[in-house]
Amino acid sequence: MSPLLSFRHVEKSYGSVRALKGLNLELRAGQVLGLLGPNGAGKSTLIRILMDIVRPDAGSVELFGKPLCRASLDRVSYLPEERGLYRKQSVMDVLVYLGTLKGQTRKLAKERAHSWLERVSLLQVANHPLEKLSKGMSQKVQLVATFMGDSELYVLDEPFSGLDPINLRQIRTIISEQRALGRATILSTHQMNEVEDLCDSVALLDRGEVLISDSLPNVLGAHHARAFRVTSPDDLSELCANDRLGPLTVRRAPDGRDWVLALVRPVPGHEILNWLVTSGLRIEGFVPESVTLEDVFVRAVEGRRS
């Protein structure tokens, strides 16, 4: 199946600064892609090129199997990081206006706005001016404006800003429902736990290049754990001084019974376990701590810059 969206050898510079350097990336229908990277990595430039806000200097972008064009963007809904609502207008008036910009009749836009406001528990403020809403409520209104477009691709830039845990769960559910309908989402966020919960794949950018692009299980599975929980009746605190595993720290686990060994460099777990046993220690349990996406992110970026 051909990709829904593809970037091919995309270049973009602002003066002497190369924001994107031959970037290649794909997204398929029904996929939620986590777009990650430190500040200045090129994420915003990539999104702006997709939304035809800026044009690439070189390379190509295809959307829905055709070269990117304004007509194709009618099938895309975009939540920018820089929020922009007409704060003096009522919630309903703003949503209806934004719906008509997506080609909906005023009647259809009002029906969809009503349905979505009810879905996110905001129907009671439909006639309130936006300036009277809290930050979290304003964020939900912007999300409603995005989802009521009923689009094939959603581009969400920091969508969870200002949301409490209950509303976070609600928005996660909506994104998952859209995926089940075959719709794709690009999720640009610094909240790694949300990416782990929601995304099928991740793309990690740094200095205008893609460092990692793969399915989430492959990304996590490709990295060795660097922390291990060890159950032992022996005192492991002296393991810090060793000439085989390299620098490591040893501390008591929160439960006060086990030990946690944290290594600076990656070492396969079986080598660590073999070393512990041959050192004469009594090992009753040995479990690698889960590798998180934050671990992968930090290692990849710091490793590139070291």
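Partly exposed residues are those with a relative accessible area between the buried limit of under 20% and the exposed limit of over 50%. That cut-off comes up in the close-ups below, which show a predicted model.

**View 1. The whole chain, before zooming in.** The protein chain has nine helices and 14 strands, and its C-alpha atoms sit in a box of roughly 75 × 45 × 35 Å along the principal axes. Of its 306 residues, 47% are buried. A search of the whole structure turns up 16 salt bridges.

**View 2. E177 meets R119, helix to helix.** The closest N and O atoms of this salt bridge are 3.1 Å apart. E177 belongs to helix α5 (residues 165-180) and R119 to helix α3 (residues 106-119), so the pair ties together parts that are 58 residues apart in sequence. R119 has 31% relative accessibility, so it counts as partly exposed; E177, at 33%, is partly exposed too.

**View 3. R75 and E152 join two loops.** Here the closest N and O atoms of the salt bridge are 2.7 Å apart. R75 is in the loop between β5 (66-67) and β6 (76-79), while E152 is in the loop between α4 (135-147) and β7 (153-157), so the contact ties together parts 77 residues apart in sequence. R75 is partly exposed at 35%, and E152 is partly exposed at 33%.

**View 4. D150 pairs with R183.** Their closest N and O atoms are 2.7 Å apart in this salt bridge. D150 is in the loop between α4 and β7, R183 in the loop between α5 and β8 (184-188), 33 residues apart. D150 is partly exposed at 39%, whereas R183 is buried at 19%.

**View 5. A salt-bridge network.** R8, E26 and R28 are linked together by salt bridges.

Methods. Residues are numbered from 1 along each chain as its sequence is written. This is a predicted model: local features need pLDDT of at least 70, side-chain atom pairs count only at pLDDT 80 or more; totals for chains, interfaces and linings use all residues. Side-chain values use heavy atoms; hydrogens and water are left out. Helices (H or I, at least four residues) and strands (E, at least two) are DSSP runs, numbered from the N terminus. Buried means under 20% relative accessible area, exposed over 50%, partly exposed in between (1.4 Å probe, protein chains only). A salt bridge is a side-chain nitrogen of Lys or Arg within 4 Å of a carboxyl oxygen of Asp or Glu.
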